[in-house]
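Hi,

Here is the structure I promised to pass on. Have a look at it first, and then read my notes below.

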Amino acid sequence: MAEKKESVLEGFKAFLMRGNVIDLAVAVVIGAAFTNIVNSVVKGVINPLVGAFGTKDLESYQSCLKGPCQIDEAGNVVSGIPIMWGTVLSAVLSFLITAAVVYFLMVLPMAKVLAKRAAQEKRKESVEEVIEVSELEVLKEIRDHLVGQRGPGSDKGAHSTS
């Protein structure tokens with residue numbers, strides 16, 4: 001039983017030490033911090049701008065589903081059933097801003113870098129292929145030249161593959 005626990009712990013340690021797990025952990029932490037920044041921008045800049053053009057802050061917009069809706073200063077519902085569509089719209093804006101920043105600042109540049117690498121690899125492969133073909137042609141020419149030097153009657157061991 002001790003051997004099994006030891007091997008499980010060793011496997012877990014190996015899993016944690018793989019680069020992918022550490023990279024993923026870093027990405028999650030950075031993503032959480034970035035989400036906080038975007039949420040702050042939406043709540044601190046966009047919501048007040050909507051409020052400046054509208055009648056109130058974006059998150060304050062709501063519709064009442066049943067009865068007169070009353071909400072106290074703490075944001076708790078006192079009576080009625082409010083639908084807080086302003087809060088949903090604020091969350092959608094946060095998501096769209098986050099998605100746009102991630103796409104334009106991370107995904108798109110990475111795709112361009114990967115495409116350049118793939119093109120370079122393809123060029124290298126085509127150059128290697130041309131070199132291989134030219135080496136083969138040179139070897140065939142050498143063979144033909146050697147066969148020609150031996151003369152027409154001395155090609156007992158020569159085999160033609162062309």
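**Aromatic pairs**

There are two aromatic pairs in the structure. To count as a pair, rings of Phe, Tyr and Trp (its six-membered ring) need centres within 6.5 Å; planes under 30 degrees apart are stacked, over 60 edge-to-face, and the rest tilted. Before I go on, please keep in mind that this is a predicted model, where local features need pLDDT of at least 70, side-chain atom pairs count only at pLDDT 80 or more, and totals for chains, interfaces and linings use all residues. Residues are numbered from 1 along each chain as its sequence is written, and side-chain values use heavy atoms, with hydrogens and water left out.

In one of the pairs, tyrosine 61 and tryptophan 85 have ring centres 5.4 Å apart and planes at 35°, so this pair is tilted. It links distant parts of the chain: tyrosine 61 sits in the loop between α2 (19-53) and β1 (63-71), while tryptophan 85 belongs to helix α3, and 24 residues separate them. (Helices, H or I with at least four residues, and strands, E with at least two, are DSSP runs numbered from the N terminus.) Tyrosine 61 counts as buried, at 15% relative accessibility, whereas tryptophan 85 is partly exposed at 38%. Those words have cut-offs: buried means under 20% relative accessible area, exposed over 50%, and partly exposed in between (1.4 Å probe, protein chains only).

The rings of tyrosine 103 and phenylalanine 104 also pair, with centres 5.1 Å apart and planes at 80°, so this one is edge-to-face. Here tyrosine 103 is partly exposed at 39% relative accessibility, and phenylalanine 104 is exposed at 52%.

**The overall layout**

What order do the elements run in from the N terminus? The order is α-α-β-β-α, which comes to three helices and two strands. Of the 162 residues in the protein, 7% are buried. The protein exposes about 13,200 Å², and carbon and sulfur atoms supply 66% of that; accessible areas come from the Shrake-Rupley method with a 1.4 Å probe, and for residues only the protein chains shown count as cover.

As for contacts (heavy atoms within 4.5 Å), take those in the protein with a separation of 6 or more: residues 24 or more positions apart account for 32% of them. On a related note, asparagine 39 and leucine 93 are 54 residues apart in sequence, yet their C-alpha atoms are 9.1 Å apart in space. Asparagine 39 lies in helix α2 and is partly exposed, at 28% relative accessibility.

**A nonpolar patch**

Which residues form the nonpolar patch on the surface? They are Leu65, Ile81, Ile83, Trp85, Val88, Leu89, Val92, Phe95 and Leu96, with about 850 Å² of accessible area together. Patches are made of residues with over 30% relative accessible area and no salt bridge; like charges are joined within 9 Å, and nonpolar side chains (Val, Leu, Ile, Met, Phe, Trp, Tyr) within 5 Å. Two or more residues of the nonpolar patch come from each of β2 (77-83) and α3 (85-150), and α3 gives the largest share, six residues. Leucine 89 is located in helix α3 and counts as partly exposed, with 37% relative accessibility.

**The disulfide and the salt bridge**

The structure has one disulfide, a term for a pair of cysteine sulfur atoms within 2.5 Å. This disulfide joins cysteine 64 to cysteine 69, with an S to S distance of 2.0 Å. The torsion about their S-S bond is about 90°, so the disulfide is right-handed. Cysteine 64 is partly exposed at 38% relative accessibility, and cysteine 69 is partly exposed at 23%.

Side chains of opposite charge can pair when their charged atoms come close. The structure holds one salt bridge, meaning a side-chain nitrogen of Lys or Arg within 4 Å of a carboxyl oxygen of Asp or Glu. Its partners are arginine 143 and aspartate 144, whose closest N and O atoms are 2.9 Å apart. Arginine 143 is partly exposed, with a relative accessible area of 23%, and aspartate 144 is partly exposed too, with 44%.

Cheers
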